[in-house]
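Here is a short tour of one protein model and its ligand. Look at the structure first, then read on.

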Amino acid sequence: MIHSSPEPSFRESVDMMFNRAVSLMDLRPGLEEKIRVCNATYTVRFGVRLRGEIRTFTGYRSVHSEHMEPVKGGIRFSMGVNQDEVEALAALMTYKCALVEAPFGGSKGGLCVDPREYEEHEMEMITRRFAYELIKRDLINPAQNVPAPDMGTGEREMAWIADQYKRMHTTDINGAACVTGKPINAGGIQGRTEATGRGVQYALRAFFRDDEGVKKAGLKGGLNGKRVIVQGLGNVGYHAANLLSEEDGCNVVAVIEYNGAICNDDGIDIHALKRHIIEEGSPRGFAGGIFVEDGDSVLENDCDILIPAALEGVINLKNVRQIKAQLIIEAANGPVTAGADDVLREMGVVIIPDMYANAGGVTVSYFEWVKNLGHIRFGRMGRRQEESRHQLVVDELDRISRDTSINWTLSPDFKDKYLRGAGELELVRSGLDDTMRTAYQSMSDIWHGREDVTDLRTAAYLVAIGKVAASYHAKGL
Ligand code: NAD
């Protein structure tokens, strides 16, 4: 999205937010610069024979920080991809991984292509050729650089990339770990597709357990009944909207897509809207709400929680003063520009920052990478053993209830729940929940505990930069 000056670029925005946090830290001279700069960005231009001609594509893979390896970060397919954007996103990956303690450095990739323009077999050729260019330079490699899905890519593309890597490294037994976000039958993990959206849900749950934070946002109570607006009904936005309305009682009152929005004060059936958009290519004509042609204007509608889950720069100096939400959770990367961030802070709006809010994706990617290196599904060894130990307890309780004069029995619901051992999906959700709670606590301790820190974003940067600095220190730098 292009904005007229004085709006800084996406990378400049990230650097400005970084600088604000660093000014509150006492880093050794020179370390600040070392952490902030992007180590390297590789640009590739390649041709693919399509529809009787050779079409040239431009792609990037940027490595921001290698304080830990492999480096990690998604691959984006969009016409808006450029060097500034991938460098900003790679930097955010460094801080995100540090914040949620995923043991990776930060990276990001992108290809200038509109996936809607091409047939599936054409996208496969383009993806494989891009992957080939990156793999032969070790910019995709289980030990060095591990991509994942991002805007415009999903498990289909990740499966092609993994297969391309295996074709080029036939004896690498850890080949499946070269990329995450794969389908289950290609080495993926349960719960990865929904992970970023579920992470948004867990982040909001963590926020609403923090009474002081809720008060600072001028809100009351829990998630139940909160009016929510979601921008972008893609991977992240769809799962976040769906889980929040199905499991937490939120009322999604508007959904914004690039070609229009749907509004309904009584709540939108997210599943039905998604189906409509897939079938019709647009929210227009959806019976469960009112269609608004100018989708962007709906960002300014009244609501409790605004969830930008599409792309960067959508809340900027042009529209920031019209924003009515008291709480913004950045499901997308960089949806609020640095300038808008300053204004929102003045307005008293609380922002749950991207580096935390959408970290569910990389967290579950970390679990997938570990699973691939371990060559075994989580829960496979212990699940049945856990179930038989629980069965012992239930049998014993049943025996006691029969043998005593007190008339009591276990409820069938309890038995069902207690007896079920944790499979991969349960373990993934438990690990994600723990990660999101722990990271929230580390940010909120600073947010509420330091007078010079007035927002969650600065708190998140302080935690993340502190961890990266400690890692450099341990290396002797
Ligand atoms: P996606 O391609 O699955 O979905 C993006 C959605 O936004 C699509 O439905 C698209 O039509 C819509 N959209 C595009 N431009 C828009 C506009 N101008 N206004 C309204 N809607 C628009 O992408 P995604 O994977 O859901 O990623 C969305 C954001 O989340 C990106 O910023 C990405 O970097 C971030 N993110 C994604 C993941 C992940 O696991 N996929 C992880 C972390 C962060």
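N358 sits in the loop that links α11 (354-357) to α12 (360-374). This is a predicted model. Is N358 buried or exposed? The cut-off for buried is under 20% relative accessible area. N358 has 6% relative accessibility, so it counts as buried. Its sequence distance from Q201 is 157 residues, yet the two C-alpha atoms are 9.8 Å apart in space.

V228 gives a second case of this kind. It belongs to strand β7 (residues 227-231). Its relative accessible area is 1%, so V228 is buried. V255 lies 27 residues away along the chain, and 8.9 Å separates the C-alpha atoms of V228 and V255.

**The chain as a whole**

How many helices and strands does the protein chain have? The chain has 16 helices and 13 strands. Its radius of gyration is 23 Å, and the globule rule gives 23 Å for 477 residues, so the chain is as compact as a globular protein of that length. Along the principal axes, the C-alpha atoms fill a box of roughly 80 × 55 × 55 Å. Of the 477 residues, 55% count as buried.

**The ligand and its shell**

Where does the ligand lie? Domain 1 (38-188) and domain 2 (195-360) both give residues to the shell around it, so the ligand lies between these domains. The shell holds 23 residues. Those that come nearest are R76, D150, T196, E257 and N333. By type, the shell divides into 11 nonpolar, eight polar and four charged residues.

Some of the contacts can be given atom by atom. The table lists three of them.

| Residue and its atom | Ligand atom | Distance |
|---|---|---|
| D150, side-chain N or O | oxygen | 2.7 Å |
| R192, polar side-chain atom | oxygen | 3.5 Å |
| Y258, backbone N or O | nitrogen | 3.3 Å |

D150 and R192 use side-chain atoms, whereas Y258 uses a backbone atom. On its own, the ligand has 830 Å² of accessible area, and the protein covers 86% of it. Which elements give two or more residues to the shell? They are α8 (235-247) and β8 (251-257). D150 is one of the residues that come nearest to the ligand, and its side chain has an N or O atom 2.7 Å from a ligand oxygen.

**Backbone details in the loops**

Start with the peptide bond between E69 and P70. It is cis, with omega at about 5 degrees. P70 lies in the loop between β2 (53-65) and β3 (71-72).

Next comes E101. It is not a glycine, yet its phi is positive, at about 55 degrees. E101 is in the loop between α3 (83-99) and β5 (105-111). Exposed means over 50% relative accessible area. With 52% relative accessibility, E101 therefore counts as exposed.

What does H375 count as, at 48% relative accessibility? At that value H375 counts as partly exposed.

Technical notes:
Residues are numbered from 1 along each chain as its sequence is written. This is a predicted model: local features need pLDDT of at least 70, side-chain atom pairs count only at pLDDT 80 or more; totals for chains, interfaces and linings use all residues. Side-chain values use heavy atoms; hydrogens and water are left out. A residue is near a molecule or strand if one of its heavy atoms lies within 4 Å of it. A polar contact is a pair of N or O atoms within 3.5 Å; within protein, one must be able to donate a hydrogen and the other to accept it, and residues adjacent in sequence count only if both atoms are side-chain atoms. Accessible areas come from the Shrake-Rupley method with a 1.4 Å probe; for residues, only the protein chains shown count as cover. Helices (H or I, at least four residues) and strands (E, at least two) are DSSP runs, numbered from the N terminus. Ala, Val, Leu, Ile, Met, Phe, Trp, Tyr, Cys and Pro count as nonpolar, Asp, Glu, Lys and Arg as charged, and the others, Gly among them, as polar. Domain bounds come from an automatic or database domain assignment. The radius of gyration is taken over C-alpha atoms; the globule rule is 2.2 Å times the number of residues to the power 0.38. Buried means under 20% relative accessible area, exposed over 50%, partly exposed in between (1.4 Å probe, protein chains only).
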